[in-house]
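Subject: Structure for you to look at

Hello,

Here is the structure I said I would pass on.

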Amino acid sequence: NFSIMAGAENIKPYHNSDAEKKEQVAEMFNNISKRYDLLNHLLSLNIDKGWRRKVVNLVKADEPKVILDVATGTADLAIALAKGTGARITGADISEGMLDVGRVKVAKKGLHKSIVLELGDSENLPYANDTFDAITVAFGVRNFQNLHNGLKDMARVLKPGGQIVVLEFSQPRYFPFKQIYWLYFKAVLPAVGKLVSKDPRAYTYLPESVKAFPHGKDFEAELVRAGLKPILTKPVTFGIASIYQARKEA
């Protein structure tokens, strides 16, 4: 398993840069932040909204009061969680550009009392042990510089008995979805991304990072290694993405 992870951590946005992965990820998202939402919904054909609803439903079942959304980006999941659970949401992200876009959305929706967005490194979260009832990450774990450190730190700030729910791209296994998926990821997505975002690397990094990232049983093993107990792994939309639910032992 270590070889898979070593591969994923070596995938960085900018090949010609000596900066650490997390610095490059922050730079990339700062570069594309203004166009990110438009591109995201365009390229996912809005399917991602349904995936987020599934995450909210899993989290809601515990009736959490305080939730941390890691790699919150432009706050789509934080907003869905605030509406769906009534909990207080803290959204943390490494990109100030993405957070700025998120803050405007939160204010427009009148949710500034429920949601706080702040700069935070997933592998070194600025929160005390056992703080949150639930932690979520949507399409963020793939960008961690060190997946194990990120999962372990999330487990640290999660209350005993609390749950972590991760939504991440996976890889469809069956014909014809597998073939269509990779054609879309390797040809369509980079072309549209390049056109709209002004950062051509951002959308070639995406398929590279997905290909190198552990999914299914391999990701469950990473959760266990971080001291969490996987309780549900659910592929969605023919395995384009997967939802992982795990708990911290009470």
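Predicted model: local features only at pLDDT ≥ 70, side-chain atom pairs only at ≥ 80, totals over all residues.

Salt bridges

In total, 15 salt bridges turn up in the structure. One of them joins the side chains of Lys105 and Asp76, with N and O 2.8 Å apart. Lys105 and Asp76 are both buried.

Another salt bridge is made by the side chains of Arg142 and Glu168, at 2.6 Å from N to O. Here too distant parts of the chain are linked: Arg142 belongs to the loop between β4 (132-138) and α6 (147-157), Glu168 to strand β5 (residues 158-169), and 26 residues separate them. Are these two residues buried or exposed? Arg142 has a relative accessible area of 5% and is therefore buried; Glu168, at 1% relative accessibility, counts as buried as well.

A local example is Asp153 with Arg156, where the closest N and O atoms are 2.7 Å apart. Both residues lie in helix α6, three residues apart, which is about one turn of the helix. Asp153 is buried because its relative accessible area is 10%, under the 20% limit. Arg156 reaches 26% and so counts as partly exposed.

There is also a network of salt bridges, which links Lys22, Asp121 and Glu123.

Aromatic pairs

The structure holds eleven aromatic pairs. In one of them, the ring centres of Trp51 and Phe139 are 6.0 Å apart and the planes meet at 55°, so the pair is tilted.

Phe169 is buried, as is Phe139. One aromatic cluster takes in Trp51, Phe139 and Phe169 together with Tyr181, Trp182 and Phe185.

The second largest pocket

This pocket has a volume of about 310 Å³. Its lining consists of 13 residues, and those nearest the centre are Lys49, Arg52, Asp76, Ile79 and Ala80. Asp76 is the residue that also forms the salt bridge with Lys105. Helices α3 (47-60) and α4 (76-85) each contribute at least two residues to the lining. Sorted by class, the lining has seven charged, three polar and three nonpolar residues.

The β6-β7 hairpin

Strands β6 (residues 229-236) and β7 (residues 241-247) pair in the antiparallel sense, over seven bridges. Within this pairing, Leu232 stands opposite Gln245 of β7. Four residues lie between the two strands of the hairpin, and Thr237 takes a positive phi near 50°.

Regards

Technical notes. Residues numbered from 1 in each chain as written. Heavy atoms only, no water. Pairing = 2+ DSSP bridges. 1 Å grid on protein atoms, 1.4 Å probe; cavity = no way out; pocket = protein on both sides within 12 Å on 5 of 7 lines; lining within 4 Å. Points joined across faces, edges and corners; volume = space filled by probe spheres on them. Nonpolar A, V, L, I, M, F, W, Y, C, P; charged D, E, K, R; others polar. Salt bridge = Lys/Arg side-chain N within 4 Å of Asp/Glu carboxyl O. Buried < 20%, exposed > 50% of the residue type's maximum accessible area, 1.4 Å probe, protein only. Phe/Tyr/Trp six-rings, centres within 6.5 Å; stacked < 30°, edge-to-face > 60°.
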